[in-house]
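Here is a short tour of one structure and its ligand. Look it over before reading on.

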Amino acid sequence: MTESPLPLFEEIVRVSPPGDPHGDLSVLLDTACVIGGSIAGLLAARVLSDHARRVVVIEADEPLAPGGSRPGVPQDQQVHTLLPAGHLWLERWAPGITEEAQSRGASLVGPDQAVTAFDGVRQAPDGAGHHLLAIGRPLLEALIRDRVTSLPHVSVVRGRATGLQYVDDAVSAVEYAPAAEGGRGDGSTEVLEADFVVDAMGRSSRLSSWLRASGYTEPQLERLEAPINYATALFERPVTLAELATAGALGLFSPEYPSGGVSVAAANAIEDQQWLVMLMGYGASRPGRTIEEFRAACAGLPGVFSEATAGALTRDVVTYHQAESRRRHFTQASHFPARLVSVGDAVASFNPIYGQGMSSAALHASCLALYLGGEPDLGTAARRFFELQGVVVDAAWAVSAGGDAARLDAEKGTEVPDDVRQQRWAMEQITAATLLDGEVTRAFNDVTYMLRHPATLADPAVLARAVAATSRRP
Ligand SMILES: Cc1cc2nc3c(=O)[nH]c(=O)nc-3n(C[C@H](O)[C@H](O)[C@H](O)COP(=O)(O)OP(=O)(O)OC[C@H]3O[C@@H](n4cnc5c(N)ncnc54)[C@H](O)[C@@H]3O)c2cc1C
């Protein structure tokens, strides 16, 4: 019998941490190795630290200084808002990290200072009291890294992983080229023996080609065209967080709105008294590539965007293009080695506009905690882990890919089956009703904040309320 994803999702997101909060978790592993020391890899390392005598993170880049940039994470200069689901988990694994982030100038934006608006019309307040963490991505990564690597049995090795070794259809070691002082390695390869390996190599993970080369089934790659163009710049913010009416703004614009090609804009009050402002356009639309274009585009948007860009520039415009969303289907890989899992963007990287990436990584780590806490049979492939993770990926994909597929079909005039048309109509009703009815907003936000499964929006009561609200609309 197939398990229902809804209760599984609730279990993965649940408020109390999985396992024994008193630290008596079973130690199943001698050396666990995580390849990739970014958000997903660090959170996986935190989970593994409960179950392994030693955790080694292999990371190709030098540590990212707050405000700096590194080649392995080309998106690190773009806006990164942490959704409530990711924030909840982060705080559970690294208690006090929010306070530390705030003391470094990041903003925990509550409902009073957060605005989401469609074509300039503000969403009805959901009354839920959720908070978003507005912070520069380099600072957030540095805070997580400091917490995780301060654990006595977690260490980071600088080098580039180049392959895996196997014994009896289980991963047994990671091959890597160590980085020399101050740069690239000398071409030598070292081997780290490990009895559990996590691929956290991000969107361009090499795991599939390694598996293929060793005769295993690579996970099927699914792609969805979602051509997005980001432009992000930083500006001096003359007023403190407390003085701001809005500290986190998200503006979504329909093609009919005179936004100069901007489909989404965001303004976050972040550390060092700065505004981080992002403009996004789809397809051929590339708004704000120079600072002049950037300010001109903001001048045509609701007030907060021109306010946020009024101060002196503290970092020039940085652009980022991504052509598609991707996911890899691990549950369908028939011949897969034991003691190996994949997390974060290596598994699924979405249209970033939905802000799901880091929260997904946190929920993948939660799946890992549930899997290892269940004392699994480590002699066989980690199917249970991939099933749990599949629930999270499906949920995130339904939110981001659903919107992108609808937009693509509308652009191309594609005929869609009746059931898909009905689902999209229902989503349009719900989205429109978020401007009118706080209860509908709450159901919608719970899903987009990754706190509840998207199936909760299929509840007839939610749709009926949404339709009632939109039909009352003047
Ligand atoms: C434009 C943009 C905006 C985004 N905005 C948001 C947002 O608002 N909110 C949000 O939650 N998410 C956002 N995301 C998603 C977020 O960036 C990722 O989901 C998040 O960084 C988790 O990624 P990761 O750790 O899986 O991989 P990555 O961050 O891509 O890191 C992969 C790591 O693996 C290392 N690596 C790769 N290969 C090797 C190797 N062979 N050996 C050793 N190390 C290796 C790399 O150096 C890197 O450190 C955004 C993404 C983009 C593109």
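## Before we start

A residue is called buried when its relative accessible area is under 20%, exposed when it is over 50%, and partly exposed in between. This is a predicted model. Arg 384 has 33% relative accessibility, so it counts as partly exposed.

## Around the ligand

Which residues come nearest to the ligand? They are Ser 38, Glu 59, His 80, Arg 137 and Asp 345, out of 35 residues around it. The shell divides into 14 nonpolar, 15 polar and six charged residues.

Domain 1 (5-79 + 141-223 + 326-400) and domain 2 (103-138 + 224-323) each give at least three residues to the shell.

## Polar contacts and cover

A polar side-chain atom of Gln 75 is 2.9 Å from a ligand oxygen atom. A polar backbone atom of Ala 60 lies 3.2 Å from a nitrogen atom of the ligand. For Gly 357, a backbone N or O atom lies 3.5 Å from a ligand nitrogen atom.

On its own, the ligand has 1000 Å² of accessible area, and the protein covers 95% of that. Several elements give two or more residues to the shell: helix 2 (39-48), strand 2 (52-59), strand 8 (154-167), strand 16 (313-329) and helix 9 (357-373).

## Salt bridges

How many salt bridges does the structure hold? There are 22. One of them joins the side chains of Glu 3 and Arg 384, with N to O at 2.7 Å. Glu 3 sits in the segment before helix 1 (5-13) and Arg 384 in helix 10 (residues 383-412), so this pair ties together parts 381 residues apart in sequence. Glu 3 has 43% relative accessibility, so it counts as partly exposed.

Another salt bridge pairs Arg 424 with Asp 409, at 2.9 Å from N to O. Arg 424 belongs to helix 11 (residues 418-433) and Asp 409 to helix 10, 15 residues apart. Asp 409 is buried, because its relative accessibility is 18%.

Arg 465 is in helix 13 (residues 460-472) and Glu 439 in helix 12 (residues 438-448), so the pair ties together parts 26 residues apart in sequence. Arg 465 counts as partly exposed at 36% relative accessibility. Glu 439 counts as exposed at 52%.

Some salt bridges share partners. They join Glu 59, Asp 61, Arg 70, Arg 137 and Glu 141 into one network. Glu 59 and Arg 137 are also among the residues that come nearest to the ligand.

Methods. Residues numbered from 1 in each chain as written. Predicted model: local features only at pLDDT ≥ 70, side-chain atom pairs only at ≥ 80, totals over all residues. Heavy atoms only, no water. Near = heavy atom within 4 Å. Polar contact = N/O pair within 3.5 Å; in protein donor to acceptor, adjacent residues only side chain to side chain. Areas by Shrake-Rupley, 256 points an atom, 1.4 Å probe, with all protein chains shown as cover. Helix = DSSP H or I, 4+ residues; strand = E, 2+ residues; numbered from the N terminus. Nonpolar A, V, L, I, M, F, W, Y, C, P; charged D, E, K, R; others polar. Domains from an automatic or database assignment. Salt bridge = Lys/Arg side-chain N within 4 Å of Asp/Glu carboxyl O. Buried < 20%, exposed > 50% of the residue type's maximum accessible area, 1.4 Å probe, protein only.
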